[in-house]
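Student: Hi! I've just opened this one and could use a hand finding my way around. Can we look at it together?

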Amino acid sequence: MDNKRSISSYFEGVFQNIDIILNNDFYSDKYNLNQVKDKVKKWYSSYNKTKSLKSINPEELKELELEITDFFAQYVATEPIEKNYSERLSYDFGELEEYWEKEMLGEKIDE
């Protein structure tokens, strides 16, 4: 049985975790997450139209990675294990990056 998640599920995971974080008082430093969400939404919209992850500019992808990594580093040690939303956000985004890299290297990515 293959439990492989779809690319769309990783995008949805990013959005879901950002929404939870934005509405949770535990996380105080979250002002950049709205910008992250907007940029990932544009990337997802493009992916839905083209079925390709290549549409995002590599510099923009790096910026998103840094924002998410910084957020993760700030909260991973203190957030409750059962509510590890920064870790979940980092994981889902990391999977999207990995798929992007594979596609950029010429690998065919199936939804």
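Student: Let's start with H2 and H3: how do they lie to each other?
Tutor: H2 and H3 are oblique to each other, since their axes cross at roughly 140° and come within 10 Å. Angles under 35 degrees count as roughly parallel, over 145 as roughly antiparallel, 65 to 115 as roughly perpendicular, and the rest as oblique. The axes are lines fitted to C-alpha atoms, for helices over the stretch in contact, and angles run from 0 to 180 degrees between N-to-C directions.

Student: And before I go on, what should I know about the model?
Tutor: This is a predicted model, where local features need pLDDT of at least 70, side-chain atom pairs count only at pLDDT 80 or more, and totals for chains, interfaces and linings use all residues. Residues are numbered from 1 along each chain as its sequence is written, and side-chain values use heavy atoms, with hydrogens and water left out.

Student: Which residues of H2 and H3 meet?
Tutor: From H2 there are Leu33, Val36, Lys39, Val40 and Trp43, and from H3 there are Glu60, Leu61, Glu63, Leu64, Glu67, Ile68 and Phe71. Contact means heavy atoms within 4.5 Å. The residues of this contact of H2 with H3 are eight nonpolar, no polar and four charged. For those classes, Ala, Val, Leu, Ile, Met, Phe, Trp, Tyr, Cys and Pro count as nonpolar, Asp, Glu, Lys and Arg as charged, and the others, Gly among them, as polar.

Student: How many residues does H2 have?
Tutor: H2 has 18 residues, 33-50, and reaches 25 Å from its first C-alpha to its last, close to the 26 Å expected at 1.5 Å a residue. That expected span is 1.5 Å times one less than the number of residues. Helices here are DSSP runs (H or I, at least four residues), numbered from the N terminus.

Student: Which of its residues are buried?
Tutor: In H2 they are Leu33, Val36, Lys37, Val40, Trp43, Tyr44, Ser46 and Tyr47. Buried means under 20% relative accessible area, exposed over 50%, and partly exposed in between (1.4 Å probe, protein chains only). What covers these H2 residues includes helices H1, H3 and H4.

Student: What comes after H2?
Tutor: Lys51 follows H2, in the loop between H2 and H3. Lys51 has a positive phi of about 55° although it is not a glycine. Most residues other than glycine have a negative phi.

Student: Is Lys51 buried or partly exposed?
Tutor: Lys51 counts as partly exposed, because its relative accessibility is 47%.

Student: New topic: how do H1 and H4 pack?
Tutor: Their axes are 9 Å apart, at an angle of about 150°, so H1 and H4 are roughly antiparallel to each other. By class, the contact of H1 with H4 has 13 nonpolar, three polar and three charged residues.

Student: Where is Asn17, and what is it in contact with?
Tutor: Asn17 is in helix H1 and counts as buried, at 5% relative accessibility. Leaving aside neighbours within four places in sequence, Asn17 is in contact with Tyr85, Arg88, Leu89 and Asp92.

Student: How about Ser86, buried or exposed?
Tutor: Ser86 counts as buried, at 1% relative accessibility, and lies in helix H4. Leaving aside neighbours within four places in sequence, its contacts include Ile21, Tyr27 and Phe71.

Notes: Helix = DSSP H or I, 4+ residues; strand = E, 2+ residues; numbered from the N terminus.
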